Amino acid sequence: MTPLNLFLLLSALLFSIGLAGALTRRNAILVLIGIELMLNAANINLIAFWRFGPNPEALTGVMFAIFSISVAAAEAAVGLAIILAVYRHNKTTNLNQIDTLKG
Amino acid sequence: MSTNLLALLPELVLTITGVLVMVLEPVIPAGKSRKPLGWLAILGSLLSGLAAFYQLQIVNAQGTLTAFYSTIQIDPFSIFFHLLIAAVVLVTLLGSLDYFESPITHAGEYFALVLFGAVGMMFMTSSVELLMVFIGLEISSISTYILAGFRKGRATASESSIKYFLLGSFATAFFLYGVALIYGATGSTSIGPIAAGLAITRTPTMAILAVAMVLIGLGFKVSAAPFHVWTPDVYQGAPAPVVGLMSTAPKAAAFAVLLRFLFNGTPMLHGHWILLIEILAVASMCLGNLGALKQHDVKRLLAYSSIAHAGYLLVAFTGTHQNAVAGACFYTATYAAMNVGAFLVLSQLSGFSERIRSIEDFTGLALKRPGMSALLGFFLLSLIGIPFTGGFFGKFYVFSGALQNGHVWLGIVGLANSGVACFYYLRLLAAIYSRPTSDSVAYIPVRKVTAPAAVALAATALATLGLGILPNKLVHLVERATPTTTAAVAVQPTQQ
Amino acid sequence: MLAYTIYISFFGALVVLLMPKGSRMAIRTVALLCAIAGFALALTAFVQHGTGELTTVALAPWIPSLGIHYHLAADGITLCLVLLTGVVAIAGVLFSWNIEQRVNEFFAFYLLLIGSVYGVFLSYDLFLLFVFYEIVIVPKYFLIAIWGSTRREYGAMKLAIYSFVGSAMVLVGLIAAYVVAGSHSMDLAALASYRYPLHFQMWAFPLVFTGFAILAGLWPFHTWAPTGHVAAPTAASMLLAGVVMKLGAYGCLRVAMTLFPLGLSSWGFHVLGFGSWRDVFAVLAVIGILYGALVALVQSDFKFVIGYSSVSHMGFILLGLMTLNQIGITGAVVQMISHGLLAGLLFGVVGRMLYDRTHTRELGKLGPMNLSRALPFATVTFVLAGMASMGLPGFSGFVAELMILIGAWRVSPLLAIGVGLGIVTGVAYVWRAMQKAFFAEATTIIDPHPPAPITLPEKLGTGLLLASSIAVGLYPQMVLRLIAPALNTPLFSGLHGGGW
């Protein structure tokens, strides 16, 4: 197995774990963690493709990864603030108990 | 003016105004009205619209502009969306100037966030590099996450916000993963080189997977079924003017990205993604309309209707490149006009506290607020697709594009759906018009419609009417808007 | 000039809407004047127009890049139906003279409906035709939902959904026709002269025909009609049965049959004895005739009797169209006119003269009221209208049904027998309703509150409708001279060459 494939496998695994976590967890923070795993799986992919790609002197992959890391950080900051706001109201971060909006 | 500056002029204007609003916010003493900030933001969005118009003159004279190492491409396509987004933002700001019942201290943030969100959306439409698209997507998403929860102090607000945030970032992850895969398959993240790279790629399966994941990610953003689950909850809890904004402008931007990505970036895979688009379109139309049938909350009802309309929009994608762009552009414009209008009416009627929400609350509204009822009725008729409204011509245009490309079944499913859809809009209309006034309507204080809100309402109504009666002008514009992959973009990104 | 029928009605709707709420009399007068103006224009054109040839009324580019034009034109069929609309419109205003609540909205919707009906009849561009066709749905929905009676919201909703689904089918067919012909033009003549492939016509024809026929009350898609008619206020049921259902039949003839004439030709095989779409629709039409008549025979609600009789009479029209011979189709057009006048009149009697005074439509309750004594004018009117609707000579119904009968006989005696049975049943249900409502054994309980006498507007409306019906009945040449040439214009050449 080539190193690229190994990295791709790792990232796919990470993505799946994140996906499973985001879908099954009921705690908002754990869901957020799952999503972060998915984002970072993509970052691993980007860097692996850059490193083992045909054109490593073009820095596209790294650039993308750096940007996505910083953007994800901004997103997480906003997300945690929102979770805090929710906690202040409902005294819980369990998504099953945050269900006032219904049809 | 350097090309770089010129290419980003509308975004720059918005950013500067947004920063100014944020800086001035703490200068105004607490308890004082934040309205001047609102006016500043309105001025900013107006200027940004003018800047986009200025760009159009330049582009008409000199051809497509590219900037920032060909990551930004200013062509009639992006200018169309710039103008649309600026218009939606302008109308939303006008409509929400008097939305806050008491002068709350953080109203300035609201105006600034709307502007920042618009910057992100504009970036999405003008960039031909997926990295820039990603950044634009995030700027617009983060702003709207916060805006969704802006009715602070209400449980529904923060709930709406967190649901939007979690599913939104979930979608972002899909989008990013898709981009990473497309980078792996083609060695680039720019639209032009992606198309070139796909022709010689050794991993076509990965490319198909990548396109599917990008579609999923953007499918969430445009609330296409089966990725629509967040929409009703979020729209129900978010402030009405914000829903008007976020159900139109970010969707328009995401559709623009899809159009560029699918038609210019991955035309090689047309045979694969067209199937996915068809599935998404049919699912959105059917699930959206069926879901709306049993709703009682008006905002939820309109949320399901927006899912269905995303489906109609996706039908446009089944046409030829030119038809798809023309149809999708026209439909986003009409949808923006009528949906922003409908939510403006809702925000004017029920105010910040949103006292009237369910269909029962709207019974007999026509007797107490005939003008508002007529406007709401007009927007609903446009959403149904009654002639002389933009909604009708939009549907006609989109479906004739799809049929032209041989998608007869899609046309039949879509039009049958619009037959079903009239039921729930008419249910609301029947409540408003044919019954005696309900208690909740009788007891709401009649809020005077202020001048800015009246301007906003008139603008949306006139736009909806104008697009229905004289669509010629816009048809002419969108038929020329098909973006091309310019040679300048197609160079390998080795300049870095 | 004929185009002004549309503009005057729309403008009148706007004026009426903006008039102060209190001035009921002024609002009614304005509405009446608009209706009379439309009628006068239609009558002028009807009289002046010597032949039934096609003449352009208005032509201007609308969306040139898509080949869509604002094209209004009139031929003999159009002229007859526009005149019918004018007559029914005046009668409708006169019969709704007693509307008291939300008067300006009522007449605004009313005039909007009239204007769009004129628009459908006059449109020669299919996009324009569809625009007017769909606009019609909005005012008729509101007229029923706001001013209606029994289960009005249900009736209005059912009607609206049937109409929307029907028009969606039509739209698919029209767009397909437009696209297949090369997306150059939406003009009816241009599309009708295009030779669509046979297999395309084979699915497009039933789609568009059924879409229009839903509005014409084709069995088994007729169920909206009785509930809608019953729920509607008198003027709305008059318009609904009088002209709106005609829009469907007109669309079948003018659009479906001219665009896709080969859709009527033989399939080349037989399924359950049906060899073509023509057989299918002809049989459905006959079922509609018999079904409508038989159900009308057992109804206890007077308005349902009239509602189902409409379904039966509309069946005659559809059957006339499917005979595909000159006399049958001419008969169908005459039947459109005849039924438009008579249905208007019958709904006027039941909805306005009886229901507004006695507040019941139950035949069993109307009988003991001794109506033939209390309301002699209503009684006479109903007897005359009933006789006309049975198809007695001297009235328009006779001419129409005779022509359809002959046309059907030429196609297949079996169909003609069905028609004959329908006519006989028609006599029976009118007779029964008349007997039960007006001439029941009076129990001689003198009502302490006798119903208010018939007002002048009602008498005028009745006179207008009845006179028109008798005029067509006694001098059918008046309309035939216009219809026959219209059926021989190039527009119908495909039909002549097809299964004619």
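Start by colouring by chain and selecting where chain B meets chain A: the contact takes 39 residues from chain B and 38 residues from chain A. Two residues are in contact here if their C-beta atoms, placed from the backbone, lie within 7 Å. On the side of chain B that touches chain A, helix 6 (130-148), helix 7 and helix 10 (230-237) of chain B each supply at least two residues. Helix 7 of chain B gives the most, with 18 residues. Helices are DSSP runs (H or I, at least four residues), numbered from the N terminus. That side of chain B divides into 19 nonpolar, 15 polar and 5 charged residues. For these classes, Ala, Val, Leu, Ile, Met, Phe, Trp, Tyr, Cys and Pro count as nonpolar, Asp, Glu, Lys and Arg as charged, and the others, Gly among them, as polar.

A quick note before you click on. This is a predicted model, where local features need pLDDT of at least 70 and side-chain atom pairs count only at pLDDT 80 or more, while totals for chains, interfaces and linings use all residues. Residues are numbered from 1 along each chain as its sequence is written, and chains are lettered from A and ligands numbered from 1 in the order in which they are written.

Next, select helix 3 (residues 60-90) of chain A and helix 7 (residues 155-186) of chain B. They pack at an angle of about 165°, with their axes 9 Å apart. Axes are lines fitted to C-alpha atoms, for helices over the stretch in contact, and angles run from 0 to 180 degrees between N-to-C directions. Helix 3 of chain A and helix 7 of chain B are therefore roughly antiparallel (angles over 145 degrees). Among the residues making the contact are A:Gly79 and A:Ile82 of helix 3 of chain A, and B:Ile162 and B:Phe165 of helix 7 of chain B. By class, this contact has 9 nonpolar, 9 polar and 2 charged residues.

Is B:Tyr312 buried or exposed? B:Tyr312 is buried, because 28 other C-beta atoms lie within 10 Å. (Buried takes 20 or more other C-beta atoms within 10 Å of the residue's own, exposed 12 or fewer, and partly exposed is in between; C-beta atoms are placed from the backbone.) Leaving aside neighbours within four places in sequence, its contacts include B:Met285, B:Tyr331 and B:Val398. The C-alpha atoms of B:Tyr312 and B:Tyr331 are separated by 8.5 Å, and the two are 19 residues apart along the chain.

For the last stop, colour chain B by pLDDT, the predictor's confidence in each residue, from 0 to 100. Chain B averages 88, and 95% of the residues score at least 70. Confidence in chain B is highest in helix 2 (residues 9-24), at 94, and lowest in helix 23 (residues 487-490), at a mean of 41. Over residues 487-496 of chain B, pLDDT stays under 50. Where pLDDT is low, the predicted coordinates should not be read in detail.

Key. Angles under 35 degrees count as roughly parallel, over 145 as roughly antiparallel, 65 to 115 as roughly perpendicular and the rest as oblique.
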